[in-house]
Amino acid sequence: MEFARYVLLCYALLSLLISGGLLFNAQNRIYQYLGVFVLVFAFETLDFLYVTSPLLQGYPAFYMLLYPICLLAGPVLWFHLWLFRFGPEHPLKNQWFHFIPFIVFTGFTVYLFRYHGTERLSYVASIYETIVKPLNYLKAIHVFIYAVLILRFYERHKRYLPTEKKQYFFMIMLIYLTTAVLVTVLTAVMVNYTYFIYYFLSTAVLSLFVGYVLYYKPHVFARLRNKYAGSYLDQETIQRITNKINVFFEEPGNILDPQISLNDLSIGIAEKKHWISQVLSAEMKTNFNDFVNEKRIGHAKKILENPEHKNLKILAVALESGFTNKSTFYRSFLKFAACSPSAYRNKKQVSNN
């Protein structure tokens, strides 16, 4: 058992290095959540080693300090895999409820710190059967629920991932599921806490796997550095959204509306904003503003080519084309027509003559 504890300590220190590297070099939120996830397991492991060693009696001031930390693992892993599937720019708003259990347990921990040192040890022992043990059951259930959620998420979305990314997703899910089952069983049979070393050794495998992927297979994450690169849509969905975008902007009123936004497009074609952005970025090699402005420049060219509008001021052409000011119109015209509006008009008038 002592040898296993030394191995576990090495794993915990290695996890700290891995999480530190992920957080320090985080290119986007996918790396950040993965770094926090590994860090949570590192701290939880160190806390286990502390609680099951003579250090607890010698330095009781830290007892229960990290009691709620395992309740971060599930939500943080969920966010990591969610962004891994949909891309680093995918919004995570309205998902704060994932942290409610952690906040509640943190409140309990703060309450315990009214007692100092050995007093806290004695008090926790006195309320163990009535309060702490039921809370431990709730913690185990929480871990297991997230394992089930992640399993269902994998089953629903695995077909959208290429082979190596699917393998990464599967291994992360499998290791977390294994640890969830193990901690649930250990908690249910009420074994001595020292036997939880097997749970922590299994979680250490997860950190080693993450480190292995980062070091030996960095290309698994390579595309995640680019905006929306971690998001994958099947070809049928891409084609559907592309067709809807083109049909939507065939209506002149949509192009010439100066207030048109990505949200308006999302509502107009009944598709998610981040899916539209992905199609524009990955498939059309553009973004929403450039896509709309290019369409507007096409409309402006028709006005400038028309001899009946030869005396129309450039600002009027800009406003007629959906632009709100002259400077934006000039920049866009130079970008998509490679000349100024005046030069384009003069060139067309010469060719017409």
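**Cavity, pocket and packing**

Modeller: Let us begin with the largest cavity, to whose lining α1 (2-24), α2 (29-51) and α9 (197-216) each supply at least two residues. Helices here are DSSP runs of H or I with at least four residues, numbered from the N terminus. This is a predicted model, in which local features need pLDDT of at least 70 and side-chain atom pairs pLDDT 80 or more, while totals for chains, interfaces and linings use all residues. Residues are numbered from 1 along each chain as its sequence is written, and side-chain values use heavy atoms, without hydrogens and water.

Biologist: How many cavities of 30 Å³ or more does the structure hold?

Modeller: Rolling a probe the size of a water molecule over the atoms shows where empty space is left. On a 1 Å grid over the protein atoms alone, a cavity is a set of points where a 1.4 Å probe fits but cannot get out; a pocket is an open set with protein on both sides within 12 Å along at least five of seven lines; lining residues have an atom within 4 Å of a point. Points are joined across faces, edges and corners, and the volume is the space filled by probe spheres set on them. The structure holds one such cavity of 30 Å³ or more, with a volume of about 50 Å³.

Biologist: Which residues line the largest cavity?

Modeller: Its lining includes Leu 8, Tyr 11, Phe 41, Thr 45, Phe 200 and Ser 207. By class, seven lining residues are nonpolar, four are polar and none is charged. In this scheme Ala, Val, Leu, Ile, Met, Phe, Trp, Tyr, Cys and Pro are nonpolar, Asp, Glu, Lys and Arg are charged, and the others, Gly among them, are polar.

Biologist: What volume has the largest pocket?

Modeller: The largest pocket has a volume of about 820 Å³. It is lined by 34 residues, and Tyr 67, Tyr 128, Asn 136, Lys 139 and Tyr 193 lie nearest its centre. Among the helices that supply at least two lining residues are α6 (118-126) and α8 (163-188), and α7 gives the most, with nine. The lining divides into 24 nonpolar, five polar and five charged residues.

Biologist: At what angle do α4 and α8 pack?

Modeller: Axes are lines fitted to C-alpha atoms, for helices over the stretch in contact, with angles from 0 to 180 degrees between N-to-C directions. Under 35 degrees is roughly parallel, over 145 roughly antiparallel, 65 to 115 roughly perpendicular and the rest oblique. The angle between α4 and α8 is about 170 degrees, and their axes are 12 Å apart; α4 is therefore roughly antiparallel to α8. Contact (heavy atoms within 4.5 Å) involves Leu 77, Leu 81 and Phe 84 of α4 and Phe 169, Ile 172 and Tyr 176 of α8, among others. This contact has eight nonpolar, two polar and one charged residues.

Biologist: How many aromatic pairs are there?

Modeller: Rings of Phe, Tyr and Trp (its six-membered ring) pair if their centres lie within 6.5 Å; planes under 30 degrees apart are stacked, over 60 edge-to-face and the rest tilted. The count comes to 23 aromatic pairs. The rings of Phe 84 and Phe 169 have centres 6.4 Å apart and planes at 65 degrees, so this pair is edge-to-face. Phe 84 in α4 (residues 73-86) and Phe 169 in α8 are 85 residues apart, so the pair links distant parts of the chain.

Biologist: At what angle do the axes of α13 and α14 cross?

Modeller: The axes of α13 (residues 262-269) and α14 (residues 273-283) come within 9 Å and cross at roughly 105 degrees; these helices are therefore roughly perpendicular. Residues of α13 including Leu 262 and Ile 269 meet Lys 273, Ile 276 and Ser 277 in α14.
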